[in-house]
Amino acid sequence: MTNKTIKIKQVKSTIGASKDQIKVVRALGLKKKDQIVEHIASATILGMVNKIPHIVSIVEE
């Protein structure tokens with residue numbers, strides 16, 4: 001059983017975002033624009049990314 005990882009990049013500032021969206025960004029471990037974090041591609045993480053597609057993107061290698 002392989003755990004595929006994904007890299008998530010914050011592409012936009014959270015200024016002007018709702019409090020719930022900011023909480024999702026922080027829960028992913030992102031603090032600054034252009035920061036990249038790596039997570040296991042679980043349904044939970046992908047759901048979080050789908051909540052804020054205008055703030056984050058999945059980085060392709």
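Helices here are DSSP runs of H or I with at least four residues, strands are runs of E with at least two, and both are numbered from the N terminus. This is a predicted model: local features need pLDDT of at least 70, side-chain atom pairs count only at pLDDT 80 or more, and totals for chains, interfaces and linings use all residues. Residues are numbered from 1 along each chain as its sequence is written, and side-chain values use heavy atoms, with hydrogens and water left out.

Start with T14. T14 sits in the loop between strand 1 (5-10) and helix 1 (19-27). Is T14 buried or exposed? Buried, at a relative accessible area of 13%. The cut-offs are under 20% for buried, over 50% for exposed, and partly exposed in between, with a 1.4 Å probe and protein chains only. Which residues does T14 touch? Leave aside neighbours within four places in sequence, and T14 contacts I22, V25, R26 and I55. Contact means heavy atoms within 4.5 Å.

Next, helix 2, residues 43-51. Its buried residues are I45, M48 and V49. They span an arc of only 100° around the axis, so they lie on the same side of helix 2. That arc is taken from the directions from the helix axis to the C-beta atoms. The other side of helix 2 has A43, T44, N50 and K51 exposed. What covers the buried residues? The cover includes strand 1, helix 1, strand 2 (36-40) and strand 3 (56-59).

Last, D20. D20 belongs to helix 1. D20 is exposed, with a relative accessible area of 56%. Along the chain, D20 and I52 are 32 residues apart. Their C-alpha atoms are separated by 9.8 Å.
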